[in-house]
Structure formats: structure tokens, C-alpha cells
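Student: Could we work through this structure together, taking one question at a time?

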Amino acid sequence: MAYIELRNVRLELPIYDVQGRSLKKRVLRLGRRNQIAEEATGVVVVKALDGIDLRLEPGDRVGLIGHNGAGKSTLLRLLAGIYAPTSGSYDRQGKAVPLLDISLGMDENSTGYQNIRLRGLLLGMSDAELRAKEKDIAEFTDLGDSLDLPLRTYSSGMRMRLAFAVSTAVDADILLLDEVIGVGDASFQDKANARLHDLHNRAQIVVLAIHSNEVIRKMCNKVIWLEHGKIRMAGAVEEVLPVYEANH
């Protein structure tokens, strides 16, 4: 059974390339509620998440809301295991698939077919799983013979089709989404939405960061409202969203 549990999790991200006293002072003045500070070593640190407590279980469809910079994407990356907590405990059971940067791991000089394998391996697919799914992935892209060409010859739309097809072929216990993915023209978008809906239904837990309250009402049963890296409110959709909307 899949689950995610965070207890008093904090995440601090050092910014090593902030140099010079005057620049550091300007960065530090940008801080809100002690989000940006300076360590004794002189390294500027951003407090990205602070005191996060949550437990997600099968059936949870969670929408993350909050202003830009509230910590939504950072929390998704922590849930995916991309970031490790600075303090607190993080426990996860089940295979998590993050659809955050769906082009990550693709190589310009490799063919479409080779990139199916590269991206699939990065997402944790086995050789046997890749062999079983390669034909379906290739057909879904509608790229035909272009899959024998190197990625550098692809348009941006072709790249997105390929990346989307591979990323959504993975069987996920926990699905992590950062905004709704737009891919290609209207006909392909309809097919992509149907595939994403199927992946959404097969996952035990779904966490979605998005600015559309309409989509959250349609896809989620719970909402977490983040503000300055902290959970301001969490609960059922119609408990949290009306309060959030009244404040924005």
C-alpha cells in the first residue's frame, strides 16, 4: 500500500553563487518571514519549506495551491526524492513518478527510439518493461520514421510528444504533477489528456500543483494551501478553496 508521511520537515537550499557584500545584502532584503538568511560561512540560504506535516494515503488526490514561490514545486520535488529534507522525517512507500520536467535525461544526439530507452530507464523502468512498452510508446507519439532520427532534428512539439509518451507509460503508485502538461495540436492534446487521465486513475496517490481552481475541483479531493514554505491550511477541497479564494 502506497503512502507518504512527512513530520516537521524543513528544507533549506544554499545559494552558492551569490557573491559580493552588496549583492548579498540586496538578496537578504528580499526575504519574507525569515525565508532568506546567511550562514556563518557567508552562504545565502533560502528556507524553502518549514515545519511540513502531512500524510497521504491511497485514494488521496491532492491539489497544492499558493502564490508563486510558496513552495509547491519544491514540495513536489521533495516528495519525489529529488530533494532530501534538511531536518524532520520523510517516509514513502510505493513507486513515485514525477512529471515535473518530462524532458529530463533526453539526449540531443540520440535517436527517438534511443531516447525512449534513456528516459524510460531514468524513470525506473526495467529492460523487460521497456521492451514490452516500446511499440505502444512509439505509436502514441505519432512520429513515425522520425523516431530513427536524432533528437536535435526535432521541433519543440515533437520533443514534447516523445517525452510525454515515455513519461506517461510508467506505472506509478504515486503520481506527482507540476501544472497541466500541454503537448502539440488539439487532436494530440485530446489523446494526451485521455492518457494522463488513465495514469491519474491508476495511481494510488496523486499530488498536483496548479493555479486553476477549476481543475482542482475536478481532479482533487483534498487541498494543501502553502504560504512562504509553510502549510497555512489543509483539508477537503470545499473547506480550503473558498477560504483561499476569499483571500485572493
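**Helices, cores and ring contacts**

Tutor: Helix α2 is followed by G81, whose phi is positive, near 90°. Please bear in mind throughout that the model is predicted.

Student: How many of the residues of helix α2 are buried?

Tutor: Helix α2 spans residues 72–80 and is mostly covered. Its buried residues are K72, T74, L75, L76, L78, L79 and A80.

Student: To which backbone oxygen does the side chain of R92 reach?

Tutor: R92 lies in strand β5, residues 87–93. Leaving aside neighbours within four places in sequence, R92 is in contact with Y3, I4, L79, A80, G81 and I174. R92 and A80 are 12 residues apart in sequence, and their C-alpha atoms are 9.3 Å apart in space. At 3.3 Å, the side chain of R92 reaches the backbone oxygen of A80.

Student: Is R92 buried, partly exposed or exposed?

Tutor: The side chain of R92 also makes a polar contact with the side chain of Y90, at 3.2 Å. Buried requires under 20% relative accessible area, and exposed requires over 50%. R92 has a relative accessible area of 31%, so R92 is partly exposed.

Student: Where do the buried residues of helix α8 lie around its axis?

Tutor: Helix α8 covers residues 237–246, and V237, V240, L241 and Y244 are buried in this helix. Viewed down the axis of α8, these buried residues fall within an arc of 95°, so they line one face of the helix. An α-helix has 3.6 residues a turn, so residues three or four places apart point the same way. The answer for the buried residues of α8 is therefore one face of the helix.

Student: Which exposed residues does the face of α8 turned away from its buried side carry?

Tutor: The buried residues of α8 are covered by elements including β4 (61–65), α7 (213–219), β9 (222–227) and β10 (230–236). The face turned away from that buried side carries the exposed residues E238 and A246.

Student: Which element gives the most residues to the largest nonpolar core?

Tutor: The largest nonpolar core has 42 residues, and those with the most contacts inside it are I65, L99, L162, L175, I216, V223 and L241. Elements giving two or more residues to this core include β6 (96–99), β7 (174–178), α6 (186–202) and β8 (205–209). With 5 residues, the element that gives the most is α5.

Student: How many residues does the second, separate core have?

Tutor: A2, V9, V62 and L76 are among the residues of this second core. It is separate, and its size in residues is 27.

Student: Why is the pair of F140 and F164 stacked?

Tutor: The whole structure holds 3 aromatic pairs. The rings of F140 and F164 have their centres 6.1 Å apart and their planes at 25°, so the pair is stacked. This pair links distant parts of the chain, with F140 in helix α4 (residues 127–141) and F164 in helix α5 (residues 156–167), 24 residues apart. Planes under 30 degrees apart count as stacked, and the angle here is 25°.

Student: Which charged end sits over the ring of F188?

Tutor: Ring pairs link F188 with F140 and F164 into a cluster, and both F140 and F164 are buried. At 4.3 Å from the centre of the F188 ring sits the charged end of R161.

Student: Over the ring of which residue does the charged end of R55 sit?

Tutor: The charged end of R55 lies 4.6 Å from the centre of a ring. That ring belongs to Y3.

Technical notes. Residues are numbered from 1 along each chain as its sequence is written. This is a predicted model: local features need pLDDT of at least 70, side-chain atom pairs count only at pLDDT 80 or more; totals for chains, interfaces and linings use all residues. Side-chain values use heavy atoms; hydrogens and water are left out. Buried means under 20% relative accessible area, exposed over 50%, partly exposed in between (1.4 Å probe, protein chains only). Helices (H or I, at least four residues) and strands (E, at least two) are DSSP runs, numbered from the N terminus. The arc is that of the directions from the helix axis to the C-beta atoms. Contact means heavy atoms within 4.5 Å. Rings of Phe, Tyr and Trp (its six-membered ring) pair if their centres lie within 6.5 Å; planes under 30 degrees apart count as stacked, over 60 as edge-to-face and the rest as tilted. A charge sits over a ring if NZ of Lys or CZ of Arg is within 6 Å of the ring centre and within 35 degrees of the ring normal. A polar contact is a pair of N or O atoms within 3.5 Å; within protein, one must be able to donate a hydrogen and the other to accept it, and residues adjacent in sequence count only if both atoms are side-chain atoms. A nonpolar core is a set of buried Ala, Val, Leu, Ile, Met, Phe, Trp, Tyr and Cys residues joined through side-chain atoms within 4.5 Å.
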